[in-house]
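Hi everyone, thanks for coming.

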Amino acid sequence: IKAGLTRKVEFEDGDTAIETLDQVNPSHDFSYHIESFTSPLRFLANRIEGEWIFSDTESGATAVHWTYRVYLKNTFARGIFNLFVKKDLEGMLRQA
């Protein structure tokens, strides 16, 4: 796995998006961005950027810290997103 790899993600409802790895540090972290949405999200967002960071816990398990940022198209899109989409975004990303 290396930076620059791209895949087409298909969600349960048939919508798609393009996901690209931006940075990969094996066993430590990776970052990516998602764009070219075919879902209604295409009217609101240009892209989503995410990062996963892995760390060891005292018990020997691995902790995963996942963050993401949505780049919305404009102020109107931000209002619609906050009212109707924000709560469902995590579920959509987990389907990928």
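Before we start, one term: a residue counts as buried when its relative accessible area is under 20%. Please also keep in mind that this is a predicted model.

Let's begin with β3. How many of the residues of β3 are buried? Five of the seven are, so this strand is largely enclosed by the rest of the structure.

Now for the partners of β3. With β2, β3 runs antiparallel, and seven bridges join the two. β3 also pairs with β4, again in the antiparallel sense, over six bridges.

Next, the nonpolar core. The largest one has 16 residues, and F37, L41, I48, V70 and L72 are those with the most contacts inside it. Which elements give two or more residues to this core? They are β2 (16-25), β3 (29-35), β4 (45-56), β5 (62-72) and α1 (75-95). The helix α1 gives the most, with three residues.

Finally, let's zoom in on F37. Leaving aside its neighbours within four places in sequence, F37 is in contact with T16, A17, R42, A45, N46, R47 and I48. I48, you'll remember, is also among the residues with the most contacts inside the core.

How values were computed: Residues numbered from 1 in each chain as written. Predicted model: local features only at pLDDT ≥ 70, side-chain atom pairs only at ≥ 80, totals over all residues. Heavy atoms only, no water. Core = buried A, V, L, I, M, F, W, Y, C linked by side-chain atoms within 4.5 Å. Buried < 20%, exposed > 50% of the residue type's maximum accessible area, 1.4 Å probe, protein only. Helix = DSSP H or I, 4+ residues; strand = E, 2+ residues; numbered from the N terminus. Contact = heavy atoms within 4.5 Å. Pairing = 2+ DSSP bridges.
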